Amino acid sequence: MTAPLEDITPAERARGTSFYEASARTRLELLLDAGSFIEFIGPEQREVSPHLKIFDLPEQFDDGIVVGRGRLDGSPVFVAAQEGRFMGGAFGEVHGAKLTGLLRAAREIGSIPVLILFDTGGVRLQEANAGELAIAEIMRAVMEARSVGVKVIGLIGGKSGCYGGGGLIAGCCSALAVSEPGRIAVSGPEVIETNRGVEEFDSRDRSLVWRTMGGKHRRLLGAADVFADDNVQDFREAALELLGLVGPFGLDKLKAEQERLADRLRRLSTCFDAVDIWTAEGIAHAETVPELPADQFIALADRIGRISRDAR
Amino acid sequence: MTVIETTGASPGLDCGGEARRGAKAMTSWQTNRATRDGRISAGAVLARGKIVEARDATRLLEAVIRPGDRVCLEGDNQKQADLLSRALLAADLSRINDLHMVQSGVVLPEHLDLFDRGVAKRLDYAYSGPQSARIARMLFGGKIELGAVHTYLELFARYFIDLTPQVALIAAVSADRDGNLYTGPNTEDTPTVVEATAFKDGIVIAQVNDIVETVPRVDIPADRVHFIVKSGKPFFVEPLFTRDPAAITEGQILTAMLAIKGIYAPYGVQRLNHGIGFSTAAIELLLPTFGERLGLKGRIATHFALNPHPALIPAIETGWVRQIHSFGSEVGMDDYIRARSDVYFTGPDGSLRSNRAFCQTAGLYACDMFIGSTLQIDLQGNSSTVTTSRIAGFGGAPNMGADARGRRHPSEPWLKAGAEADPDGATLMRRGRKLVVQIGETFGDKNVPLFVERLDALELAEKLNLELAPIMIYGDDVTHIVTEEGVANLLLCRTAQEREQAIRGVAGYTDVGRRRDHSMVAHLRERGVIRRPEDLGINPLDADRSQLAARSIKDLVRWSGGLYAPPSKFRNW
Amino acid sequence: MEGLKFAHSVRTRAGGTRQSAIVGVVASGNLEVLVERVLPDAECAIDIKTAAVGFGEVWTAVVGDFVERYSPGGLRFSINDGGARPDTVSLRLAQAVRSIAENGQ
């Protein structure tokens with residue numbers, strides 16, 4: 001028989017579980033304090049998509065997103081986790097409404113932060129209009145929650161990445177943590193290749209995809225604030241760190257963010273490839289960045305990566 | 001199908017001219033040599049020494065090759081002489097046509113374009129994985145005159161008997177000015193092809209990535225090489241043996257656990273070959289975890305005839321594997337192999353030396369077990385990877401997955417298997433048996449059943465009017481079938497009916513499985529012919545991905561200490 | 001999509017105290033099983049919505065073997081199936097029983 005797994009502590013289990021590989025439910029179970037998660041509108045309520053049956057497609061009882069509340073190191077948090085394997089984690093009407101509702105609840109209460117575990121290819125094609133509306137509603141709900149002092153933290157490290165409307169929502173968050181396999185962008189590799197040609201972007205060149213959209217690049221660019229190793233415990237620690245770091249939000253902060261992005265564009269717009277950007281940022285042997293182990297990369301990013309605490 | 005053929009340099013053409021020049025008609029015994037010298041002179045016009053510019057490659061081939069020649073275009077399931085195949089495809093049809101291609105692999109689109117254009121007409125080959133659909137269409141359409149589909153070793157054998165090439169077009173990493181070749185980690189078929197061609201008055205043309213002052217090691221001596229074409233870029237190599245651990249399913253893990261505990265352990269299998277499927281990759285990744293807990297380290301899976309599978313890195317790093325001989329290399333594994341020369345065969349330069357013919361022979365004679373997956377298994381245990389619209393060829397699997405009737409040395413698993421098959425035979429006179437294991441899930445991709453009443457290969461043979469259905473492994477060679485439902489030991493079956501029910505008894509919910517005789521299957525289980533997970537002390541709920549020593553390509557890179565450099569298509573960093 | 005419903009009488013009630021559990025996800029070759037403790041102890045129901053049409057016979061066999069083996073009395077299983085193989089279905093059903101048999105909410 002195989003070795004029993006009972007004697008392992010929750011932290012050890014979380015450390016030994018790949019965030020990339022885990023389901024949305026497992027991520028939440030291991031991210032939060034053990035046994036603290038309480039789901040809102042759980043699968044037994046069967047709030048499924050009203051659109052998929054029209055296309056003769058299978059539904060999922062939670063419509064691909066798990067929302068609820070729990071505790072992180074004893075303090076209450078609201079959480080939402082997308083299931084990247086169900087329709088690529090894409091936003092549909094119900095899926096989006098669950099997240100909007102969670103953010104509005106956070107705004108009403110005002111003091112409980114929100115963690116969003118993104119894992120999404122964007123908007124579900126079969127419910128495009130409802131999905132696009134959901135993205136806009138969620139972006140507004142994020143900004144409204146932040147403007148009354150709620151911290152909204154994005155955690156990105158799932159198989160479907162954080163694309164399309166998900167990338168837009170992530171851009172509205174107070175702070176982001178990302179792991180190496182996590183990806184953040186609006187247009188996906190295939191979309192770019194289809195629209196601009198393979199010479200512009202070869203979507204099958206996975207090294208190119210990851211050094212352009214992957215976690216390490218996003219961390220070095222300052223788009224993500226913390227780099228997590230690919231396990232749930234590291235994401236838990238990253239979330240705690242970010243909750244401690246995020247300061248008050250207001251118009252000044254938005255202006256600073258605008259300036260940070262404008263400055264980035266000025267400095268780096270002539271770079272052809274991510275490696276050129278890393279070189280421009282002062283990294284010696286930039287071509288070796290993708291091969292760096294997590295601890296060495298974190299040390300490098302802490303030295304080089306530009307994060308403006310005044311911005312976002 | 002097999003036809004004994006005369007060589008292209010037929011006495012009627014070349015010999016006649018010489019005879020007229022002589023005072024009286026006499027037999028010449030060196031016409032082939034004279035022909036070869038003529039071909040070399042014709043090609044030499046385009047060469048500086050032996051070196052020909054890439055832009056002149058087609059002209060070189062037009063000078064050297066004659067209509068109807070038997071040409072070996074090097075390429076197998078891994079490396080390809082891609083520049084030379086493109087050059088041949090561009091040939092003037094009035095100078096080169098109706099060639100008889102003899103080659104391990106029909107893999108590149110150009111390989112079939114040759115037949116579409118009429119450059120080539122007849123084909124003898126072994127493997128056609130990526131072109132399996134198109135080659136089937138062309139065979140149906142009569143575009144290709146098929147000699148036979150072979151196993152690698154069988155085709156190599158025929159290079160020396162009745163399919164000897166007049167011209168070989170090969171691929172190497174580098175050459176020196178004299179023509180010594182370095183074939184590097186992917187040596188593969190080159191020594192065999194060159195041996196058969198150069199020593200029988202044929203012409204050898206090599207494409208090389210680079211021309212260097214001194215080659216790192218001499219894989220092919222210069223006097224067997226007639227022309228060298230410098231390619232602008234490295235020859236193509238397919239990373240065929242890389243299985244991403246991220247794609248291994250719970251069902252494959254369960255099946256792998258059953259194989260380890262139900263076959264590897266009781267027979268004590270130390271010398272073996274693995275196929276390339278995900279089930280065998282799962283076995284490789286379970287050795288340092290599940291296998292370790294069973295106390296099997298050092299007792300199983302120590303010596304392999306196997307390509308450098310990245311999935312075996314954790315087992316190597318934890319000291320399970322003592323020695324591996326390889327058919328070819330694997331993209332990204334070169335630095336790791338170089339650093340683990342105690343395990344792999346390496347040259348004085350430090351890089352892998354692979355050799356397909358020797359490794360196939362090793363798999364046939366020196367391994368006690370072959371374990372691999374297939375697409376279809378029938379009620380007698382015959383297996384095939386042919387479907388009605390695809391002909392993938394055989395490659396090497398049948399050489400591994402066949403009892404070697406010429407084997408004479410004993411070993412524990414071989415004798416035990418022999419005794420199970422013939423318990424009443426006289427001990428000193430009883431042959432052993434190689435363990436030939438077919439492993440797979442009862443339903444494959446797109447829920448296609450693994451078990452069938454009748455193989456698609458039979459329908460194909462009828463449609464194409466073949467004399468022999470393309471069977472990958474014959475039922476009488478198969479000793480075990482493993483699925484997620486259990487292990488069937490066919491060695492213990494005494495009648496055809498028992499054998500059929502043993503197969504149905506592990507065929508799960510396929511039509512074949514649901515039509516089992518339940519009482520007979522229960523009886524076979526009591527006798528240990530069929531063993532379920534619970535009979536082996538395995539709980540299917542324990543078969544989860546946390547059991548794998550590596551769950552991603554990145555994990556394999558970590559296990560290798562950063563020495564494994566996977567190709568871009570397998571990265572997510 | 002195809003809908004299938006099975007109802008079985010069983011010998012014993014399923015163990016544990018949890019009221020519901022969910023395992024798996026709906027994806028190509030995968031399925032989710034929602035299990036709820038909502039029926040009398042001697043009954044078991046399995047409702048299936050599957051993307052693979054025309055496999056009723058196979059489902060009948062898989063469900064029959066599962067009920068015979070686990071005797072999941074009192075449980076209703078609701079399945080959304082993305083075209084999983086029968087062995088995957090068996091595994092998820094077993095995982096669902098294990099999950100609801102844990103003590104908890």
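## Where the chains meet

In this predicted model, chain B and chain C touch through 12 residues of chain B and 13 residues of chain C.

## Two domains in chain B

Chain B comes in two parts, with domain 1 covering 50-237 and domain 2 covering 245-557. Their centres, taken over C-alpha atoms, are separated by 32 Å. Across the boundary between them, 32 residues of domain 1 of chain B are in contact with 32 residues of domain 2 of chain B.

Which elements of domain 1 of chain B give two or more residues to the side that touches domain 2 of chain B? They are the strand β5 (120-127) and the helices α6 (132-140), α7 (152-159) and α8 (190-198), all of chain B. Of this side, α6(B) supplies the largest share, with 6 residues. By class, the domain 1 side that touches domain 2 of chain B holds 16 nonpolar, 11 polar and 5 charged residues.

## The eight-stranded sheet of chain B

Chain B has an open sheet of 8 strands, and you can trace it in the order β14-β13-β12-β15-β18-β19-β20-β21. The pairing in this sheet is mixed. At the edges stand β14 (323-325) and β21 (530-531) of chain B; each has a single partner strand, so one side of each is left without a neighbour in the sheet.

Strand β20 (residues 486-489) of chain B runs antiparallel to β21(B), and 2 bridges join them. For a pair to look up in the viewer, take A488(B), whose bridge partner in β21(B) is I530(B).

## Helix pairs in chain B

Start with helix α3 (residues 57-64) and helix α4 (residues 82-89) of chain B, whose axes come within 8 Å and cross at roughly 70°. Angles of 65 to 115 degrees count as roughly perpendicular, and α3(B) and α4(B) are therefore roughly perpendicular to each other. Their crossing is right-handed. From α3(B), the residues A57(B), T58(B) and L61(B) meet L83(B), L84(B), A87(B) and L88(B) of α4(B). That contact has 6 nonpolar residues, 1 polar residue and no charged ones.

A second pair is formed by helix α17 (residues 496-504) and helix α19 (residues 518-526) of chain B, which pack at an angle of about 90° with their axes 9 Å apart. This angle makes α17(B) roughly perpendicular to α19(B). The residues involved are E498(B), Q501(B), A502(B) and R504(B) on α17(B), with M520(B), V521(B) and L524(B) on α19(B). Charged residues do take part here: the contact of α17(B) with α19(B) divides into 4 nonpolar, 1 polar and 2 charged.

## A helix pair in chain A

How do α4(A) and α5(A) lie, roughly parallel or roughly perpendicular? The axes of helix α4 (residues 128-147) and helix α5 (residues 165-172) of chain A come within 9 Å and cross at roughly 10°. Angles under 35 degrees count as roughly parallel, and α4(A) and α5(A) are therefore roughly parallel to each other.

On α4(A), the contact uses I135(A), I138(A), M139(A), V142(A) and M143(A), which meet G165(A), L168(A), I169(A) and C172(A) of α5(A). The contact of α4(A) with α5(A) has 8 nonpolar residues, 1 polar residue and no charged ones.

## The five-stranded sheet of chain C

Chain C has an open sheet as well, with 5 strands in the order β1-β4-β5-β3-β2 and mixed pairing. β1 (2-9) and β2 (20-24) of chain C are the edge strands; each has a single partner strand, so one side of each is left without a neighbour in the sheet. From one strand to the next, the twist averages 10°.

Within this sheet, strand β4 (residues 43-50) and strand β5 (residues 75-81) of chain C run parallel and are joined by 7 bridges. One pairing to look for is C44(C), with L75(C) as its bridge partner in β5(C). Helix α1 (residues 56-70) of chain C lies across β1 and β4 of chain C and runs at about 30° to β1(C).

Conventions. Residues numbered from 1 in each chain as written. Chains lettered and ligands numbered in written order. Predicted model: local features only at pLDDT ≥ 70, side-chain atom pairs only at ≥ 80, totals over all residues. Pairing = 2+ DSSP bridges. Helix = DSSP H or I, 4+ residues; strand = E, 2+ residues; numbered from the N terminus. Domains from an automatic or database assignment. Contact = placed C-beta atoms within 7 Å. Nonpolar A, V, L, I, M, F, W, Y, C, P; charged D, E, K, R; others polar. Axes fitted to C-alpha atoms, helices over the stretch in contact; angles between N-to-C directions. Parallel < 35°, antiparallel > 145°, perpendicular 65-115°, else oblique. Left-handed = near helix turned anticlockwise from the far one by under 90°.
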